Amino acid sequence: MPAPTYSDLARYGREADAYARQFGLTGRHNGDWDAFRHTYASAEMTRQYGSQWARAAGDLYENYGDIINNQSSPERNMDLWNNARGREIGGQSTTSLDSAQRARTALANGDLISNLADPRNRYYDDYGPPA
């Protein structure tokens, strides 16, 4: 399977933002919108390129955030959690709209982290927790 390009990553972000606006989400940074964006982008990358590429790209993006933006540990946890949920959703989705609707439902059901004070620790998917 080919690797996603930077153009793909940018497109996922634009699509996520468009759906977030359509759904009336708020909290572009560390809120509902941000949680949705991470989940949707990971879902779409999983659907189109597979979960390994989605995880690699998501982890790389978070490492970049750590280094360049001095990202806090709770922010990293939130993003990694939502990325993992997105990979699960992407494994079930059939279209971009399906990914968006599933991500929105996960947000509404409280399955995503959209608040830095959320006490849940990093969510591990099929790769399992670190040894």
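Let's start with helices H2 and H3, residues 51-68 for H3. Their axes come within 7 Å and cross at roughly 145°. The axes are lines fitted to C-alpha atoms, for helices over the stretch in contact, and angles run from 0 to 180 degrees between N-to-C directions. Helices here are DSSP runs of H or I with at least four residues, numbered from the N terminus.

A word on the source. This is a predicted model, where local features need pLDDT of at least 70 and side-chain atom pairs count only at pLDDT 80 or more, while totals for chains, interfaces and linings use all residues. Residues are numbered from 1 along each chain as its sequence is written, and side-chain values use heavy atoms, with hydrogens and water left out.

Back to the pair. The crossing of H2 and H3 is right-handed, meaning the near helix is turned clockwise from the far one by less than a right angle. Who makes the contact, that is, heavy atoms within 4.5 Å? From H2, it is His38, Ser42, Met45, Thr46 and Tyr49. From H3, it is Ser51, Trp53, Ala54, Ala57, Tyr61 and Glu62. By class, six are nonpolar, four polar and one charged. For those classes, Ala, Val, Leu, Ile, Met, Phe, Trp, Tyr, Cys and Pro count as nonpolar, Asp, Glu, Lys and Arg as charged, and the others, Gly among them, as polar.

Next, H2 against H4. H2 covers residues 32-49, and H4 covers residues 73-90. They pack at about 40°, with axes 7 Å apart. That makes H2 oblique to H4; oblique is what remains once angles under 35 degrees (roughly parallel), over 145 (roughly antiparallel) and 65 to 115 (roughly perpendicular) are taken out. This crossing is right-handed too. H2 brings Asp34, Ala35, His38, Thr39, Ser42, Ala43, Thr46 and Arg47. H4 brings Met78, Asp79, Asn82, Asn83, Arg85, Gly86, Arg87, Ile89 and Gly90. The tally is four nonpolar, eight polar and five charged.

Now H4 by itself. Of its 18 residues, 14 are buried, so H4 is largely enclosed by the rest of the structure. Buried means under 20% relative accessible area, exposed over 50%, and partly exposed in between, with a 1.4 Å probe and protein chains only. The expected span is 1.5 Å times one less than the number of residues.

H1 runs over residues 6-23. Its 18 residues should also span 26 Å, and its end C-alpha atoms are 26 Å apart, which agrees. Which residues of H1 are buried? They are Asp8, Tyr12, Ala16, Asp17, Tyr19, Ala20 and Phe23. Their cover includes H2 and helix H5, residues 96-108. After H1 comes Gly24, with a positive phi near 75°.

Two asparagines deserve a look. Asn30 lies in the loop between H1 and H2. Its phi is positive, about 60°, although Asn30 is not a glycine. Asn70 is in the loop between H3 and H4. Its phi is positive as well, about 50°, and again the residue is not a glycine. Buried or exposed? Asn30 counts as buried at 15% relative accessibility. Asn70 is exposed, with a relative accessible area of 68%.

Last, Asp59, in helix H3. Asp59 and Leu80 are 21 residues apart in sequence and 7.4 Å apart in space, C-alpha to C-alpha. Leaving out residues up to four places away in sequence, Asp59 touches Leu80 and Arg122.

Notes. Contact means heavy atoms within 4.5 Å.
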